[in-house]
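Work through the exercises below with the sequence and the model at hand. Each task is followed by a solution in steps.

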Amino acid sequence: MKKTLAILLAALMLIGMFSFASAEAKTYKVGVSIYQFTDNFMTLYRNEIENYFKTLETDDVKYEITMADGKNDMAEQTNQVRNFITQGMDVIILNLVQTSSADAVIDEIVAAGIPLVLINREPLGDNGDYSYAGILDNPQVCYVGADARQSGTFQGEMVAELDNHGDINGDGKVSYIMIEGDPENIDAQYRTEFSVKALTDAGIEVECLDDQVGNWDQTKGQELCANALTSYGDAVEVVFCNNDAMALGAATAITTAGRKVGEDIYLLGVDALEEAVQLVKDGEMTGTVLNDHIGQSHAAVDAAVKLLNGEEVENYYIIDYVKVNKAYVDAQ
Ligand code: BGC
């Protein structure tokens, strides 16, 4: 009798332990808002956020991810953030539509006690980069991105490193057109500035034939490049695009205009989208710059998980770019 009781007791304890263990299993709610789902680069980025969260799941920890499309509309995104707060998200990952709205959004999220990982669009503080008060002052808020000056510099260097340094017609200067991303975005500003600066730093004279806003968009990139080629014809020696989506559009415009990359024109992008890397390989693009969406998305998720676990995070996580020209691609 005593024995039976002891066994019964042990069994009850075991059951108790099990139910205790399963009560411990936790599902964290993660709210992610991306500035615009149609953006090629941010599509790779957000897919990898989801993939990577899945790989971190265990029997005890699950992540329930809600992905929202900001539709390039700050009012829409603010509503999404408010919904995240009402839904009691445990952490928020945010790719701002407008960095000028960073303060307002950070304040609401911090007031709700929810940790926040900002990604890809860096709000600049009074002292420029890495000095945003809303990030420095809130231990629960951090930023994950890349230094866009580096990507611009790499673009310019890839031109400077060519045998003719980009001066196809030998008139002593490099005549270029610039196709810019969203001008409010620091990535666009820096790439525009630093691509050209890398040329002038190398002692190369430059001439800007045209500088237009293509808003990161492929169709717009194609249209702007086609127009510039019509207006300036053979004078265009280099086409700088702030990202690959616009460079893919420009590549189409260049072919349609009967021009040939590597012979009578050069074309540069940023992101290293698969299609762009293929064009570099085929000699239809001079170069692109790897914007490491894997490294960035993993850093963002790792930071989110740390915040969920109550661990300390850095204020800023900055992931390196990599120069991708033909030599690089062929060596891969
Ligand atoms: C990427 C662009 C993208 C933008 C979105 C940039 O870092 O290079 O392709 O459109 O981020 O904010």
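**Exercise 1.** Find which residues of helix H6 meet which residues of helix H7, and describe how the two helices cross.

*Solution.* Step 1: on the H6 side, the residues in contact (heavy atoms within 4.5 Å) are Ala148, Arg149, Ser151, Gly152, Thr153, Gln155, Gly156, Glu157, Val159 and Ala160. On the H7 side they are Ile186, Asp187, Tyr190, Arg191, Phe194, Ser195, Ala198 and Leu199.

Step 2: sorted by type, the residues of this contact are 8 nonpolar, 6 polar and 4 charged. Here Ala, Val, Leu, Ile, Met, Phe, Trp, Tyr, Cys and Pro count as nonpolar, Asp, Glu, Lys and Arg as charged, and the others, Gly among them, as polar.

Step 3: the axes of H6 (residues 148-160) and H7 (residues 186-201) come within 7 Å and cross at roughly 35°. Axes are lines fitted to C-alpha atoms, for helices over the stretch in contact, with angles from 0 to 180 degrees between N-to-C directions. The crossing is right-handed, that is, the near helix is turned clockwise from the far one by less than a right angle.

The model is predicted: local features need pLDDT of at least 70, side-chain atom pairs count only at pLDDT 80 or more, and totals for chains, interfaces and linings use all residues. Residues are numbered from 1 along each chain as its sequence is written, and side-chain values use heavy atoms, with hydrogens and water left out.

**Exercise 2.** In what order do the 6 strands of the open sheet lie, and which are the edge strands?

*Solution.* Step 1: the order is S2-S1-S3-S4-S5-S11, with parallel pairing; two strands pair if DSSP finds at least two bridges between them. Helices (H or I, at least four residues) and strands (E, at least two) are DSSP runs, numbered from the N terminus.

Step 2: S2 (61-69) and S11 (316-318) each pair on one side only, which makes S2 and S11 the edge strands.

Step 3: within the sheet, 4 bridges join S4 (residues 116-119) to S5 (residues 141-145). Leu116 stands opposite Val141 in S5.

**Exercise 3.** Which residues of helix H10 are buried, and why do they lie on the same side of H10?

*Solution.* Step 1: the buried residues (under 20% relative accessible area, with a 1.4 Å probe and protein chains only) in H10 (residues 274-281) are Ala276, Leu279 and Val280.

Step 2: they lie on the same side of H10 because they cover an arc of only 100° around the axis, taken from the directions from the helix axis to the C-beta atoms.

Step 3: the buried residues of H10 pack against helix H9 (244-256), strand S10 (287-290), strand S12 (322-325) and helix H12 (326-331).

Conventions:
Buried means under 20% relative accessible area, exposed over 50%, partly exposed in between (1.4 Å probe, protein chains only).
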